[in-house]
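Good morning, and thank you for coming. I shall present one structure, which I ask you to keep in view while I speak.

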Amino acid sequence: MIKDISTCACINDLALRAKSRLPRFVWNQLEGAAGEGGGACRNEDAFGKILFRAHRLAGPLHATSVEMFGRTYDQPFGIAPMSLADTVWRGTDRAMADLAASCNIPLVLSTGSSSTIERMAQIARDRLWFQIYLRASKTATLDLLNRAWKAGITVLVFTVDYTGEHRWNATLRATDSRWALRTTYRLLDASRRFSWALQRIINGPVRRANLVSYDQASSANFPESGSNEGLTWEDLHFIRNCWRGKLVIKGLMLPDDAHRAISEGVDGIWISNHGGRHLESLPATIHVVGAIREKLGPATPIILDSGIRNGESVLKALALGANMTFIGRPFLYGAGAFGPHGVQHAYNILASEVRIGLKQLGCGTPQDLGRQSIAEVTP
Ligand SMILES: Cc1cc2nc3c(=O)[nH]c(=O)nc-3n(C[C@H](O)[C@H](O)[C@H](O)COP(=O)(O)O)c2cc1C
């Protein structure tokens, strides 16, 4: 059993410890994946099958930084939007915002986050981006966008790959439809995870902080409650017209969709299958990035997430066409394993792996990566 944080050598070690410390229903929420989880596994496995070509005698590493929308970040990865992160451990949102500020990486705040836009912007400052799900109420959507802009946020991420429903088999098997039994089971489960239960008792329930003022009743069920369903290109126009900052569309997997989005005024494409959370039989994102880059040409900013569990995977994504990557669950594994310190530890692991990987590949900067850095891509 791993006890000391320094003995957690990789993201998987954090995941194992988080799983042992969290009640099962919290772990299932964090890890949740469509169907039997085949899509989530495929994302990770696909990275593992790609091998590098290491150029030797190529000189020193100068920087790990990348530029995105006119701003330089210290790492080629940021923190993906994750709703209700404080359910995993109280203070996770705060820890992620502190990390973004101190290590100069972007953090995308979810519409359904457990902390408000205003509070998170105070901490993360100009490293904070905002992610929007289209609310059933356009007034609420507009208000959220205004709040983000007023808080100084200039990059908006519009997520289009969630339709309000999913089936996570592991969660369904563990959830009794009878309220009394379900609640008893959860209480028993939580009481066996003493440190988690204690911090929850002290801090009280976690809420979707940005949404409580709009619709108190439905914010508990967000985003199931009538949002983001049946989206069309008209909805993209609506968001584009309401937002004067940079706009990224998150959840695209096809070159034609990406091309159309750019022609409709989007500033960047975020290739994502939501970490395999909503549709099991999608290709791994690393397998579609090459075709999307080819379709869009070299100038369009491309972001990729889903399945990145180490720094080498970050470098593979850049080599195959992404400008930047984002990472989701690993930061929550850190929080589940060690509370807020674990979020920093997840960063430390990833940053160190990125640095070592770039040195090994003979790259002075992440921009030196390219197709020439890859030996083979096995589907
Ligand atoms: C607990 C959790 C909550 C999430 N909530 C959101 C969300 O509110 N909005 C969103 O666009 N994506 C959300 N995502 C998806 C992530 O932004 C990201 O696409 C995904 O986690 C990347 O895969 P990875 O976890 O394998 O890195 C969530 C993911 C997790 C694990």
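**An exposed leucine, the ligand and the rings**

Leucine 57 counts as exposed, because its relative accessibility is 91%; exposed means over 50% relative accessible area, buried under 20%, and partly exposed in between, with a 1.4 Å probe and protein chains only. This leucine 57 belongs to the loop between strand S1 (51-52) and strand S2 (66-68). Helices (H or I, at least four residues) and strands (E, at least two) are DSSP runs, numbered from the N terminus. The phi angle of leucine 57 is near 55 degrees, a positive value in a residue other than glycine.

The model is predicted, so local features need pLDDT of at least 70 and side-chain atom pairs count only at pLDDT 80 or more, while totals for chains, interfaces and linings use all residues. Residues are numbered from 1 along each chain as its sequence is written, and side-chain values use heavy atoms, with hydrogens and water left out.

I turn to the ligand. Which residues come nearest to the ligand? Of the 22 residues around it, they are Pro81, Ser110, Thr159, Asp305 and Arg309; a residue is near if one of its heavy atoms lies within 4 Å. A polar side-chain atom of aspartate 305 lies 2.6 Å from a ligand oxygen atom, and one of histidine 274 lies 3.2 Å from a ligand nitrogen atom. Arginine 329 places a backbone N or O atom 3.0 Å from an oxygen atom of the ligand. The protein covers 97% of the 600 Å² of accessible area that the ligand has on its own, by the Shrake-Rupley method with a 1.4 Å probe.

Finally, the aromatic rings. The whole structure holds nine aromatic pairs, where ring centres of Phe, Tyr or Trp (its six-membered ring) lie within 6.5 Å; planes under 30 degrees apart count as stacked, over 60 as edge-to-face and the rest as tilted. Phenylalanine 25 and tryptophan 196 pair edge-to-face, at 5.9 Å centre to centre and 90 degrees between the planes. Phenylalanine 25 lies in helix H2 (residues 24-31) and tryptophan 196 in helix H9 (residues 194-203), 171 residues apart. Tryptophan 196 counts as buried because its relative accessibility is 3%, whereas phenylalanine 25, at 23%, is partly exposed.

Notes:
Polar contact = N/O pair within 3.5 Å; in protein donor to acceptor, adjacent residues only side chain to side chain.
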